[in-house]
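Thank you all for coming; I would like to walk through one model this morning, beginning at the place where the chains meet and then turning to a single chain.

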Amino acid sequence: MAVFPELTPSSRTYTPGEHPNTPLMVLTGDESSVRHSNGAVGHRLRMTFKLLTQAENYSIIGHYSLHGRFVPFDLSATTLSAAGLTFPTNYQWIYAGTPETDEECGEITTTVELELIPPYTI
Amino acid sequence: MTTFPDLPPDRIGYDFGALNLSEETTIGGGPIRFRHSLSLGGHTLALTYSWRTQTEMQQIRDHYNDADGTHRQFEVPTTIWGTAAVVNTDSLYRYAEPPQEEHLGVFFNFTVRLRVVDGISLLFDLQGGGATQSTITPTAFTSFAFAGNAPFILNGGAADPDSPAATLILQGKGADR
């Protein structure tokens, strides 16, 4: 699917994912943990784009409209520039929520939060 | 249905709405999503007005009362959005909450929060019919799927239907060639 617009964010907040697991308390008082998957899930990336042009903001609006939380997509190197982040192979991003925009005196600031999901086939 | 007053705000804040989805969680993987329609809606639009006169404030009060508070839906002038093209121009809105007023002597600050109840359909129909070459002067056109100059023309030319040069396929339901 279409890659996220090639925009460099003004700031990023990254929250790594974790392996799904269930902690179990045993009779001795020790705690065991059962891991349900080899994959990590729940990676979150929140990006703020400041001083966007109307066309740049519209590229995010259009991308969100056609993907939303449903259709997964990739991020370009531009969006992840200087992040030094690596992600599991074939994982893709979806929008964690609806992006938010603030416009005042022609200055556009948009915040986007993404969630990394493992691949699956229907 | 009374259109919202034509009062461009000093500041707008909005989100991009959401698809009609339901989700199921899994034990070992990510969320599984089900999309129920190709409609995008529920956008929230926050309008901030600063240092306005009582006449302008009264327009908002009157409109809120005419709309029966959060009950009735209405259209919003394009000037409210400025140059932002987030929803269709004929989208319908409701008040998300009563307008908030701040009285500063002669002037007023007020904030209005609206919610889009009829947002964007992501289904595009290409209608051919008895079309002829358009004589309309191309105009700048931007939609969620198309960007360029309208009208968009699909040229069939003298393509051989058994060995078409073009790769674009329009599927017209069960239509025969």
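This is a predicted model: local features need pLDDT of at least 70, side-chain atom pairs count only at pLDDT 80 or more; totals for chains, interfaces and linings use all residues.

Residues are numbered from 1 along each chain as its sequence is written, while chains are lettered from A and ligands numbered from 1 in the order in which they are written.

The contact as a whole takes 25 residues from chain A and 27 residues from chain B, two residues being in contact if their C-beta atoms, placed from the backbone, lie within 7 Å. On the chain A side, the elements giving two or more residues are helix 1 (54-67) and strand 6 (100-104), and helix 1 gives the most, with 7 residues; helices (H or I, at least four residues) and strands (E, at least two) are DSSP runs, numbered from the N terminus.

Turning to chain A itself, it has 1 helix and 7 strands, which follow the pattern β-β-β-β-α-β-β-β along the sequence. Its radius of gyration, taken over C-alpha atoms, is 18 Å, well over the 14 Å that the globule rule (2.2 Å times the number of residues to the power 0.38) gives for 122 residues, so chain A is more spread out than a compact globule.
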